[in-house]
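Subject: Structure handover

Hi,

Here is the structure I promised you. Please open it next to this email and follow along.

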Amino acid sequence: MIVITTPTGQIGGRLLDILLDLAPARGEELRVVVRDPEKLPDAVRARGDVDVVTGSHGDAEVVDRAFAGADAVFWVVPPTPRPPSLDALYLDFTRAAAKAVTAHGVGHVVGVSALGRGTPVAGRAGLVTASLAMDDLIAGTGTAYRALACPSFMDNLLRQAATIRDDGVFTDIVSADRRAPLAATGDIAAAAAGLLLDRSWTGAGEVPVLGPEDLSADDMARVLSEVLGRPVRYERRPLDDFRAALTGRGATEALVEGYVDMMRAKEDGLDAGVERTPRTASPTTFRQWCEEVLTPALRA
Ligand SMILES: NC(=O)c1ccc[n+]([C@@H]2O[C@H](COP(=O)([O-])OP(=O)(O)OC[C@H]3O[C@@H](n4cnc5c(N)ncnc54)[C@H](OP(=O)(O)O)[C@@H]3O)[C@@H](O)[C@H]2O)c1
């Protein structure tokens, strides 16, 4: 039995698709934990062979039910806009699950986490520091654990689809010319599926998902312009402007500063600690992602 959290999310949803294709032939049963089963795709609900546990995977009673009889769990801490602290966001959300992993003897857990472990800035990287602490909490249960060590997602750009389409601009707080890895969520889901189906691994460790190349914001603007056939530029936002915008949308100070610290750490090499090799690279190029994911989203 493989348990999937966030089956309506970017990574969890794609993972569910992959496992629905591959798991039955391997005799693997699937269970999803979802707050609102109505949000699952019709095709999933129609199948009848996916066990559905209703509730938030941050709740003790829910994970206790969900992890009973589980061989493996796919774990994602959901992004929440108003956490009182970064520890509350990642660690407190995961504590009940860690207890349930132990209580039910879950053998393998695959979690979505971030690049940065072992770099000099890992301890002051805001959201990433908290995510790495979450990995330690899960690994501390003694289950076999793999953290998917991710850079920024290409899919983050979907949040700026409207301004890319209408104004030909996207923004962030990073330098325009700093190159860094970038991964597609589909590739992260594929890496998770591989680990969940072949559970020959033991102990704790990370599996980097680096994407095929490092790109700067200006590189991304060039590719976007070529794919969309019209100019798209990157605009670096002043920090105070960025803070005010996030706060205006209801984000807590902890979240805003956690993001700013993470982006500063990225400027200082947070994502540069892992070498890209055939094992750590993932296949989807930014150009391919723009063609296959962004372009249809802009038309929608
Ligand atoms: N974005 C990046 O660049 C980046 C980089 C590295 C790591 N990460 C990590 O990636 C993870 C996010 O993955 P994603 O993009 O696949 O997520 P996502 O698409 O934003 O999905 C969020 C999921 O969480 C669920 N959810 C929201 N609040 C919840 C709650 N209180 N209780 C239970 N479920 C809840 C949502 O379900 P509903 O349908 O019920 O709303 C949805 O399935 C985060 O842990 C983040 O730290 C992100």
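One of its nitrogen atoms is 2.7 Å from an N or O atom in the side chain of Ser 56. Before going on, note that this is a predicted model: local features need pLDDT of at least 70, side-chain atom pairs count only at pLDDT 80 or more, and totals for chains, interfaces and linings use all residues. Residues are numbered from 1 along each chain as its sequence is written, and side-chain values use heavy atoms, with hydrogens and water left out.

**The ligand**

The side chain of Asn 156 has an N or O atom 2.8 Å from an oxygen atom of the ligand. Gly 9 uses its backbone instead: an N or O atom there lies 3.1 Å from a ligand oxygen. The ligand taken alone exposes 940 Å², and the protein buries 81% of that. Accessible areas come from the Shrake-Rupley method with a 1.4 Å probe; for residues, only the protein chains shown count as cover.

How many residues surround the ligand? There are 22, and the closest are Thr 8, Gln 10, Ser 56, Val 77 and Tyr 90. By class, eleven are nonpolar, nine polar and two charged. Ala, Val, Leu, Ile, Met, Phe, Trp, Tyr, Cys and Pro count as nonpolar; Asp, Glu, Lys and Arg as charged; the others, Gly among them, as polar. Helix H1, helix H4 (86–103), strand E5 (108–114) and strand E7 (152–153) each supply at least two residues of this shell. Helices (H or I, at least four residues) and strands (E, at least two) are DSSP runs, numbered from the N terminus.

**The second largest pocket**

Now look for open space. A pocket is an open set of points on a 1 Å grid over the protein atoms alone, with protein on both sides within 12 Å along at least five of seven lines. A cavity is a set of points where a 1.4 Å probe fits but cannot get out. In both cases, lining residues have an atom within 4 Å of a point. Grid points are joined across faces, edges and corners, and a volume is the space filled by probe spheres set on the points.

The second largest pocket holds about 200 Å³ of space. It is lined by 15 residues, and the closest to its centre are Arg 14, Asp 155, Thr 185, Gly 186 and Val 293. Six lining residues are nonpolar, five polar and four charged.

Gln 10 is worth a click. This residue sits in helix H1. Is Gln 10 buried, partly exposed or exposed? Gln 10 has a relative accessible area of 40%, so it is partly exposed. Buried means under 20%, exposed over 50%, and partly exposed in between (1.4 Å probe, protein chains only).

**The cavity**

The whole structure has one cavity of 30 Å³ or more. The volume of the largest cavity is about 40 Å³. Which residues line it? They are Phe 67, Trp 75, Thr 94, Ala 97, Ala 98, Val 101, Val 109 and Ile 138. Seven are nonpolar, one is polar and none is charged. Helix H4 gives the largest share, four residues.

- Leu 89 is in helix H4. It counts as buried because its relative accessibility is 6%.
- Ala 96 is in helix H4 too. At 17% relative accessibility, Ala 96 is buried. Its C-alpha is 9.1 Å from that of Val 62, 34 residues away along the chain.
- Lys 266 lies in helix H10 (residues 253–267). Why does Lys 266 count as buried? Because its relative accessibility is 6%. Its side chain makes a polar contact (a pair of N or O atoms within 3.5 Å; within protein, one must be able to donate a hydrogen and the other to accept it, and residues adjacent in sequence count only if both atoms are side-chain atoms). The partner is the side chain of Ser 152, at 3.2 Å.
- Thr 6 is in the loop between strand E1 (2–5) and H1. Thr 6 is not a glycine, yet it has a positive phi of about 50°.

Best wishes

Terms used
Near = heavy atom within 4 Å.
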